[in-house]
Amino acid sequence: MTTSNKARRDKDSVLRDLMTAVSVCHNVTPIIEEGQRIFHASSPDEIALVKFGEDCKFMLQERTSDTIKILNPINVVEEYQILACFPFSSETKRMGILVRHV
């Protein structure tokens, strides 16, 4: 393997990890209303991040209090168990989530 091939693979992995993080680090729930899928969230910023993920082919399929399911660009559903969720606070100005790929 040449150095350029290794560097390319590493960049691809980093980009995929970034998009996976964007796709799971939120409190957005997709719901079906009148036959249309809409997003429910406490912040329009979170919805914008989910829509950006979907533009990059990381589709939020389902979110419950315990799991998040994402359809990735190769049409494989990835399921993540939510281990802990740290809601946004005005004090810290951030939110966080701890997940495990199952």
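The model is a predicted one, so local features are taken at pLDDT of at least 70 and side-chain atom pairs at pLDDT 80 or more, while totals for chains, interfaces and linings use all residues. Residues are numbered from 1 along each chain as its sequence is written, and side-chain values rest on heavy atoms, with hydrogens and water left out.

The chain holds two helices and six strands; helices (H or I, at least four residues) and strands (E, at least two) are DSSP runs, numbered from the N terminus. Read from the N terminus, the elements go α-β-β-α-β-β-β-β. The C-alpha trace spans about 50 × 40 × 25 Å along its principal axes. Of the 102 residues in the chain, 27% are buried, where buried means under 20% relative accessible area, exposed over 50%, and partly exposed in between (1.4 Å probe, protein chains only). Take the contacts (heavy atoms within 4.5 Å) between residues at least 6 apart in sequence: 28% of them join residues at least 24 apart.

Four of the strands make an open sheet in the order β3-β4-β5-β6, with antiparallel pairing. At its edges stand β3 (59–63) and β6 (94–101), each with a single partner strand, so one side of each has no neighbour in the sheet. From one strand to the next the twist averages 35°; axes here are lines fitted to C-alpha atoms, for helices over the stretch in contact, and angles run from 0 to 180 degrees between N-to-C directions. Two strands count as paired if DSSP finds at least two bridges between them. In general, strands of a sheet pair through backbone hydrogen bonds, either parallel or antiparallel.

Going across the sheet, β3 and β4 pair over four bridges, in the antiparallel sense, and the hairpin that joins them runs through three residues. Met59 has Leu71 in β4 as its bridge partner. Leu71 also stands opposite Val77 in β5. Thr64 sits in the loop between β3 and β4 and is partly exposed, at 32% relative accessibility.

Next along, β4 (residues 67–71) and β5 (residues 77–89) are antiparallel partners over five bridges, and Ile68 faces Tyr80 in β5. These two strands form a hairpin with five residues between them. Asn75 belongs to the loop between β4 and β5; although Asn75 is not a glycine, its phi is positive, at about 60°. Asn75 is exposed, with a relative accessible area of 61%.

The last pair, β5 and β6, is again antiparallel and has seven bridges. Ser89 stands opposite Arg94 in β6. Four residues lie between the strands in this hairpin, and Lys93 takes a positive phi near 60° there. Lys93, in the loop between β5 and β6, counts as exposed at 61% relative accessibility.

Arg37 is partly exposed, with a relative accessible area of 35%. Leaving aside residues up to four places away in sequence, Arg37 touches Pro30, Ile31, Ile32, Glu54, Met59 and Leu60. By contrast, 25 Å separates the C-alpha atoms of Arg37 and Leu18, which are 19 residues apart along the chain.

On to empty space: rolling a probe the size of a water molecule over the atoms shows where it is left. The search ran on a 1 Å grid over the protein atoms alone: a cavity is a set of points where a 1.4 Å probe fits but cannot get out, a pocket is an open set with protein on both sides within 12 Å along at least five of seven lines, and lining residues have an atom within 4 Å of a point. The largest pocket has a volume of about 160 Å³, with grid points joined across faces, edges and corners and the volume being the space filled by probe spheres set on the points. Its lining consists of Cys25, Asn27, Ser42, Ser43, Asp45, Glu46, Leu49, Phe88 and Met95. Helix α2 (residues 44–55) gives the most to this lining, with three residues. By class, the lining has four nonpolar, three polar and two charged residues; Ala, Val, Leu, Ile, Met, Phe, Trp, Tyr, Cys and Pro count as nonpolar, Asp, Glu, Lys and Arg as charged, and the others, Gly among them, as polar.
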